[in-house]
Amino acid sequence: MKSFINVSDIGPLDKALAEAFEIKNDRYKYQHLGKNKTLMMIFFNNSLRTRLSTQKAAMNLGMNVIVLDVNAGAWKLETERGVIMDGDKSEHLLEAIPVMGCYCDLIGVRSFAGLTDRDYDYAETVLNQFIKYSGRPVFAMETATVHPLQAFADLITIKENLSNHKPKVVLTWAPHCRALPQAVPNSFAQWMNADEDVDLVITHPKGYELDPKFVGNARVEYDQRKAFEGADFIYAKNWSNPGVTNPEDYGKITCEDRSWTVDTEHMSWTNNGKFMHCLPVRRNLIVTDDVIESPNSLVIPEAANREISCSVVIKHMLEAL
């Protein structure tokens, strides 16, 4: 596996899930794979779970780890071609990337959407430069449009909390005070669609339609109550306007309806549904205190499974070296 961005990159999903549970039972089983190998984690944006879980996964697999915070511990990097570099950016990504590749065997990249130029974001411009110029296998630690490590961990969590029937999983938009990217909902939809044993429903205000390539065969329901009825899992997440129906709205907040906040009443419409969120979460905006603190909240086990999803991905990449 030379790169990991989408669900198709991991190979057969049932095999990847089996590996996840195998590794969860013995996190150090494949420690020999990473001996004398180095992972470089490159952060253009802040992180808590991704930083900790990825570093832990790499160490479980016997790797050395280098962490680079581009905005704190390195020269400011220019990412666009053709610009006259007479501002505050001292180094171009096109020189920095191959230099980074000299010091490691694998590269993980975290770079959020700018939310101003949809074409630039959805072309995954920054990530693809790493894939093209680093000379190393590259995996996404959240990019402009996807967060596959999170979605894989979400699927692992759902599998661990299944009843004896095909689960109804609802991805619901919720309000937020800031414009957020679509990476988490995009990947969540993509990974749920890839599992034939999941019945996925996506609910959001009109105008917030995700890109069709991620929505896939999921049912879109604009009535949140109808979407929640009989649901086994509720995955709450805000995203800014994806600009699908109106490109001029891309990255903007075009709805602030707080009736979409997930509270006890919302959860009463479900089939004793479990609550999920990728974290960090704005309490009493995305979800109320009583819901996130309830016995049906899976946010902590979900976060813990980030170590497992990442372990599987790094294992695949090490095996391909």
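## Nonpolar cores

Phe139, Trp191 and Ile314 touch the most other members of the largest nonpolar core, which has 57 residues. A nonpolar core here is a set of buried Ala, Val, Leu, Ile, Met, Phe, Trp, Tyr and Cys residues joined through side-chain atoms within 4.5 Å; buried means under 20% relative accessible area with a 1.4 Å probe, protein chains only. Helix H13 (residues 299-320) contributes seven residues, the most of any element, to this core. Helices (H or I, at least four residues) and strands (E, at least two) are DSSP runs, numbered from the N terminus.

Neighbours within four places in sequence aside, Ile314 is in contact (heavy atoms within 4.5 Å) with Leu39, Thr54, Ala57, Ala58, Leu61, Met63, Leu106 and Phe139. Another core, of 26 residues, lies apart from the largest one and includes Phe44, Val109, Tyr122 and Phe214.

The model is predicted: local features need pLDDT of at least 70 and side-chain atom pairs pLDDT 80 or more, while totals for chains, interfaces and linings use all residues. Residues are numbered from 1 along each chain as its sequence is written, and side-chain values use heavy atoms, leaving out hydrogens and water.

## Whole chain

| Property of the protein chain | Value |
|---|---|
| Secondary structure | 13 helices and 12 strands |
| Box filled by C-alpha atoms, along the principal axes | roughly 55 × 50 × 30 Å |
| Buried residues | 56% of the 321 residues |

Among contacts with a separation of 6 or more, 79% join residues 24 or more positions apart.

Note on methods:
Buried means under 20% relative accessible area, exposed over 50%, partly exposed in between (1.4 Å probe, protein chains only).
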